Amino acid sequence: MSLSDAQTATRAGTGPDWDLLRRRGKSLLVHGVVLALVAIMLLPLVYMVMMSFKTSTEIAQDPLGLPDSLYWGNYMAALSSMGYVRSVLNSMGITISVIVVVVFAGAMAAYPLARLQNRISRLIVMVMALGLATPNFVTITPIYVIFRDLGLLDSYLGIVLAFAALKLPLAVFFYTSFIAAIPIELEEAARLDNCNNWQIFWHVIRPLLAPVTATLSLFVMIMVWNDFIYPLLLLTDKDKLTVMIAVYKFVGNTGIDPTKLFPAAVLGSLPLLIMFAVFQRKIMAGATAGAVK
Amino acid sequence: MRARYSLYWFTLPALAVIGLFFIHPIVLTFDMSLTSFKGIGEAKEVGWRNYERIFSRERYLREIWLTLWYTVIVVSALTVTGLFFAAMLHRLPLIRNFSRAALYTPAMMSFVVVGYVWQFLYSPLNGGINVALRDLGLGAFEQNWLGDPALALYSVAFTQIWMFTGFTCAIFLAGFAGIPEEIGEAGRLEGATSWQRFRYLELPLLGPSITVSVMLTTIGTLKTFELPFILTKGGPDGATRLLSIDIIDNLFGQYKFGFASALSIVMLVIVLGVAFLQNKVLRDRENAS
């Protein structure tokens, strides 16, 4: 109990407790103001959804008003011509493949880095840090040329490897800090049983990695799903487009038509927003855990 | 000891992928930057001429400056907005988790979608912002947000700040959670106002969170490409032509692979230089205090 509470308690017998009422009122007001500010931050999203249900006349005549009725025509048009379902499947397939590569290669590479502190480990960690900091448009020119020479342009394999190289450093950092926290005694027991490195990694370390793998997968998914430059430049076959490129090709970049823009924006974001709603805790925890380390 | 070193075999798959599709490309970028390669045909060696061109033309120096200035605006604003929401929400446990998730939602969306939606919000005639201003009787404040060279960069920056406020807020909330309960309690007993507690008790303890937040948002913002690409294409009149926009334009607009590579190397050096400096300055300050 704090001092001010004690004071109000002694005064409580002498009529209405103005101090308490004042504090209650102030608290209510502060809650209201902060919630209003959060709501303002969400307005562009509300706007996006609202606009997607308006006909082109409604948009022209009453640009901010609510739609008269939920008009699904924009969505029908978008679904039938942007190749949405196909692009969602492409994005999912690419995402899952990238996750598999990144999780396996990342966890394996992290094991020695977490256990051996020497110059080799420091060098590898530095390369990974370089990878995290490098903007992907810096490497896109040579990747484009390499892919063209190897025949990897416009192939799923190519884009998966390019994404994997981009996201592996993050995976290595995630796993290294996680494995470093696993008590070494567990491994020593296995080593006494004559297990080799691989058996220790596979049977002792790997089963413990599930939580960090889940968080990492969510992050890789968000990044791969939303990435723009790599699929834009490395994929051209319209059957292989990812969701964001399908949105981009559908909406275009000049003379934008709102009846195309808004449903495509909603459809493009919907899968990840649903994911966010379901895995909100995990994603928020991962975002800050990754930041604190 | 031999057995210990054999552990490094485990790094082979990761190093192979990173070597082939990250290190090798960077080396190639540097090689290409010394040529006038046009994408096909022979790559002609031109020495350092591409770099000489970058550093002797005002246009490219301006783009470098613009990229840095843009980063300064976005990073400072994100630090302030994130701190503001975190300080408020830290005091309001009832709505903390909901608000944190709500603020984070824009960061889950792609730059492409955000760029499109804001392009429409900013449009001069029927755009959401100008119409809202008119409806509120503030028609005098209507602007050509993306079309006015004096405003465009700030409009793009505003969109990015909107997108990532939830991200910095989440980092700072984690920082607040690490401050011992007793410190706030002591401040309250001394009769400190909410602002005084924030300024003199909490803010000094948030140092590590601020370091992390500033470093992450700086790297992220220096990499900005998609937002100006969708919102303004670098216009009007080059007002939002960041280095990244010019790299992609040289590459896939004009097929000047050699010159685009030189710009890329300059970009890489800037990013690494800023990251290194920040790491040093911020960590030193943290250790000193």
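**Loop residues, chain B**

I started at Tyr255(B), which sits in the loop between α13 and α14 (257–288) of chain B. Helices here are DSSP runs of H or I, at least four residues long, numbered from the N terminus. Before going on, a note to myself: this is a predicted model, where local features need pLDDT of at least 70, side-chain atom pairs count only at pLDDT 80 or more, and totals for chains, interfaces and linings use all residues. Residues are numbered from 1 along each chain as its sequence is written, and chains are lettered from A and ligands numbered from 1 in the order in which they are written.

Back to Tyr255(B): its phi is positive, about 55°, although the residue is not a glycine. I counted 14 C-beta neighbours inside 10 Å, so Tyr255(B) is partly exposed. (Buried takes 20 or more other C-beta atoms within 10 Å of the residue's own, exposed 12 or fewer, partly exposed is in between; C-beta atoms are placed from the backbone.)

I then looked up Lys233(B), in the loop between α12 (226–231) and α13 (243–253) of chain B. Lys233(B) is not a glycine either, and its phi is positive, near 60°. With 15 C-beta neighbours inside 10 Å, Lys233(B) also goes down as partly exposed.

**Where the chains touch**

I find 71 residues of chain A in contact with 74 of chain B, contact being C-beta atoms, placed from the backbone, within 7 Å. On the chain A side, helix α2 (residues 18–52) gives the largest share, 11 residues. That side divides into 57 nonpolar, 13 polar and 1 charged. (Nonpolar is Ala, Val, Leu, Ile, Met, Phe, Trp, Tyr, Cys and Pro; charged is Asp, Glu, Lys and Arg; the others, Gly among them, are polar.)

One helix pair I checked is α13 (residues 243–251) of chain A with α6 (residues 111–122) of chain B: the axes come within 9 Å and cross at roughly 30°. That makes α13(A) and α6(B) roughly parallel, the word for angles under 35 degrees. Axes are lines fitted to C-alpha atoms over the stretch in contact, with angles from 0 to 180 degrees between N-to-C directions.

From α13(A), Met244(A), Val247(A), Tyr248(A) and Val251(A) meet Val112(B), Val113(B) and Tyr116(B) of α6(B). By class I get 7 nonpolar, no polar and no charged residues.

**A bent helix in chain A**

Last, α14 (residues 258–278) of chain A: 21 residues, reaching 29 Å from first C-alpha to last, close to the expected 30 Å. The expected span is 1.5 Å times one less than the number of residues. I noted a bend of about 45° at Leu270(A), with Pro271(A) following within four residues. The bend is the angle between axes fitted to the seven residues ending there and the seven starting there.

Notes. Contact = placed C-beta atoms within 7 Å. Helix = DSSP H or I, 4+ residues; strand = E, 2+ residues; numbered from the N terminus. Parallel < 35°, antiparallel > 145°, perpendicular 65-115°, else oblique.
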